[in-house]
Amino acid sequence: MADPFLYNTGERSHYGCLGHEVQIDYLKAYVCRPSFSTDKAVIVVHDVFGWQFPDIRYIVDLIAGHGYITICPDFFKGTKPWTSTDHWADFPDWLKNHDPMKVDKEADVVLKYLKEQCGAKKIGIVGFSWGGMAVHHLMLKNPQLAAGVSLYGIVRDSEERYSLLSPTFFIFGEKDHTISLDQIFLLEDKLKQYCKVPYKIKVYPGQVHGFAQLKPEDMKPDDKPYIEEARRDMIDWIKMFV
């Protein structure tokens, strides 16, 4: 059975982070700020490998470099993230306790922190895989978020999945074994019918699940142009609305 969230993490090079860890209420979080003061912020929602995974911290630093207070909270609330050595047979049980649709309380805690402690007035959100599903959910539920980018979140079809509250960009890889092109076409069709705000769907040729969050030294040469394009597109969407 194809593994629905995981990509081959392979060997990961060490990453020296630019930000720092903070405690927000009951959540730990990784924060990186730009070199100048700003009232714009972005929440990054990690994948199944959690808030300390080097690739996610690299993305936080990358977004901060574009002028946003960027924060990745531990949406798993201190529980163990999935690891590459865990057994796929155990994944459904793990997922029951890590539901990407049950992130509303954590999102509110982080939004409050960004507004009250960081002076943020406009806040966007970006999520990868598990986090992509969480972003899709939050863009349907939380009007405080000015814009969202959902990267290869599994597409679940139901009638209430398409009335987005704010502009949302969906990024997919053409060769993602977890998300079929038919599912992407269905998403596009339903958004055309129901969505009243700007949205965008883009599929990147030849790319697999997890492609857009690799650090430069972990990229394959053939994939690098698409990874860089996806990141530019992600940042451009955030800049357009946040």
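A salt bridge here is a side-chain nitrogen of Lys or Arg within 4 Å of a carboxyl oxygen of Asp or Glu. By this rule the count comes to 10 in this predicted model. Local features need pLDDT of at least 70 and side-chain atom pairs 80 or more, while totals for chains, interfaces and linings use all residues. Residues are numbered from 1 along each chain as its sequence is written, and side-chain values use heavy atoms, without hydrogens or water.

View 1. Strands (E, at least two residues) and helices (H or I, at least four) are DSSP runs, numbered from the N terminus. Strands pair if DSSP finds at least two bridges between them. E3 (residues 40-45) and E5 pair in the parallel sense over six bridges. Here valine 42 stands opposite glycine 124. E5 and E6 (residues 147-151) also pair in the parallel sense, over five bridges. Glycine 127 faces serine 150 there.

**View 2. Lysine 77 and glutamate 106.** Their closest N and O atoms are 4.0 Å apart in a salt bridge. The pair links distant parts of the chain, 29 residues apart. Glutamate 106 is buried at 3% relative accessibility.

**View 3. Lysine 96 and aspartate 93.** This salt bridge has its closest N and O atoms 3.3 Å apart. Both residues lie in helix H2, three residues apart, about one turn of the helix. Lysine 96 is exposed at 63%, whereas aspartate 93 is partly exposed at 47%.

Notes. Buried < 20%, exposed > 50% of the residue type's maximum accessible area, 1.4 Å probe, protein only.
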